[in-house]
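Dear colleague,

Please find below the structure that I am handing over to you.

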Amino acid sequence: MNKKILVALGGNALGNTPEEQKQAVKSTASAIASLVEEGYKVVLSHGNGPQVGMINQAMDVAYQYNDKIPQMPFPECGAMSQGYIGFHLQNALQNEFIARGLDVPVATVVTQVMVDEKDPAFKDPTKPIGAFYTEEEAKAIEQETGVVMKEDAGRGYRRVVASPKPLDIVEKDIILTLNDSGALVIAGGGGGIPVLRENDRYVGVDAVIDKDFSSAKLAELLDCDTLVILTAVEKVAINFGKENQEDLSELTLEDAQRYIEEGQFAKGSMLPKVEAAMSFVDTKEGRQAVITSLENAKDALTGSTGTWIK
């Protein structure tokens, strides 16, 4: 078969703590290994929301208790999360491949993603990260550090950063080389580490790139046949949670755009997944995307379930 697919793991494939994560990735590894057994060439991406927040908060707390401990810039926190999530995933996958008698090398690539400094997202940061603070604490932090703090759903104030669109994947060539050699590559973790190009140098920037958009960009650059976006549900639905909820087996680009304009997909939930799938499909004729759950990924790729965007 040798179809090349990029699988974007949803948050339900990873736990919120290191111990939870080590347990969660075992079932994740089993599902991914089944795709490899079917003959798919797999590149794997994943989110990092709870993990990078945990790292960022831990470093902030450490600094508050001991100012000799350096404050950790946010791009470095993203790199740390890529490393430790990648370790758990590749370890679980290696153990699964050994158990199945498969000789498949696994590698994690710490991935930088190019963004545009003129992206309008930088003028209106909206992505919350880190700990909650009172309004008084938030104002003091803003004055001391210059970061932007915003109220978050009545739970307190948090730091917010920009969420720009991905333009390019810096490590795309090495990811492609590894995958073409037969390796399963874990890349683009957490949407990648956002970087700007300044005077022929890459410079990290405080931002969070949506992992589904980064996954779509990476799948495009690697010339994948299919983008598989995994989430908590088997199919995308319209009128979600209502008596007239309708699960969708297939979406054209035109239908998907119409449903978006109707407000059918929740922001921060299904909307970016549908938009990312659309962006990948729209880049080249014949490309397809499917949105489904981890446990249904194998069946979805045969066309028997999931929501296909064509």
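Predicted model: local features only at pLDDT ≥ 70, side-chain atom pairs only at ≥ 80, totals over all residues.

Residues are numbered from 1 along each chain as its sequence is written, and side-chain values use heavy atoms, with hydrogens and water left out.

Helices and strands

Helices (H or I, at least four residues) and strands (E, at least two) are DSSP runs, numbered from the N terminus. Helix H1 covers residues 18-37, 20 residues in total, and its first and last C-alpha atoms are 28 Å apart, close to the expected 28 Å. The expected span is 1.5 Å times one less than the number of residues. H1 bends by about 25° at Val 25, the bend being the angle between axes fitted to the seven residues ending there and the seven starting there. Just after this helix, Gly 39 has a positive phi of about 105°.

Buried residues have under 20% relative accessible area, exposed ones over 50%, and partly exposed ones lie in between (1.4 Å probe, protein chains only). Among the buried residues of H1 are Gln 21, Ala 24, Val 25, Thr 28 and Ile 32. The buried residues of H1 pack against strands E1 (4-8), E2 (41-45) and E9 (184-187), and against helices H2 (49-65), H3 (74-99) and H9 (297-301). Contact means heavy atoms within 4.5 Å.

H2 has 17 residues and reaches 25 Å between its end C-alpha atoms, close to the 24 Å expected. Its buried residues are Gln 51, Val 52, Gly 53, Ile 55, Asn 56 and Met 59, and they pack against H1, H3 and E5. Gln 64 also belongs to H2, but counts as exposed because its relative accessibility is 53%. The C-alpha atoms of Gln 64 and Ala 99, 35 residues apart along the chain, are separated by 46 Å.

Nonpolar cores

In soluble globular proteins, nonpolar side chains tend to be buried together. A nonpolar core is here a set of buried Ala, Val, Leu, Ile, Met, Phe, Trp, Tyr and Cys residues joined through side-chain atoms within 4.5 Å. The largest has 42 residues, and those with the most contacts inside it are Ile 175, Phe 265, Val 274 and Ile 309. Elements that each supply at least two residues of this core include E1, E9, helix H7 (253-261) and helix H8 (270-281). H8 gives the most, with 8 residues. A second, separate core of 32 residues includes Ala 13, Leu 89, Phe 97 and Val 290.

Pocket and cavity

Both were found on a 1 Å grid over the protein atoms alone: a cavity is a set of points where a 1.4 Å probe fits but cannot get out, a pocket is an open set with protein on both sides within 12 Å along at least five of seven lines, and lining residues have an atom within 4 Å of a point. Grid points are joined across faces, edges and corners, and a volume is the space filled by probe spheres set on the points.

The largest pocket holds about 1,300 Å³ of space. Its lining has 44 residues, of which Lys 127, Val 208, Asp 210, Gly 268 and Pro 272 lie nearest its centre. H2 gives the most to this lining, with 7 residues.

The count is 1 cavity of 30 Å³ or more, and the largest cavity contains about 90 Å³ of space. Of its 14 lining residues, Asn 48, Phe 74, Gly 78, Gly 192 and Ala 207 are the closest to its centre. H3 supplies the largest share of this lining, 4 residues.

Single residues

Asp 200, although not a glycine, has a positive phi of about 60°; this residue counts as exposed because its relative accessibility is 67%. Asn 239 also has a positive phi, near 55°, but is buried, with a relative accessible area of 17%.

Arg 159 lies in strand E7 (residues 157-161) and counts as buried because its relative accessibility is 15%. Its contacts, leaving aside neighbours within four places in sequence, include Phe 74, Lys 127, Val 148 and Asp 206.

Yours sincerely
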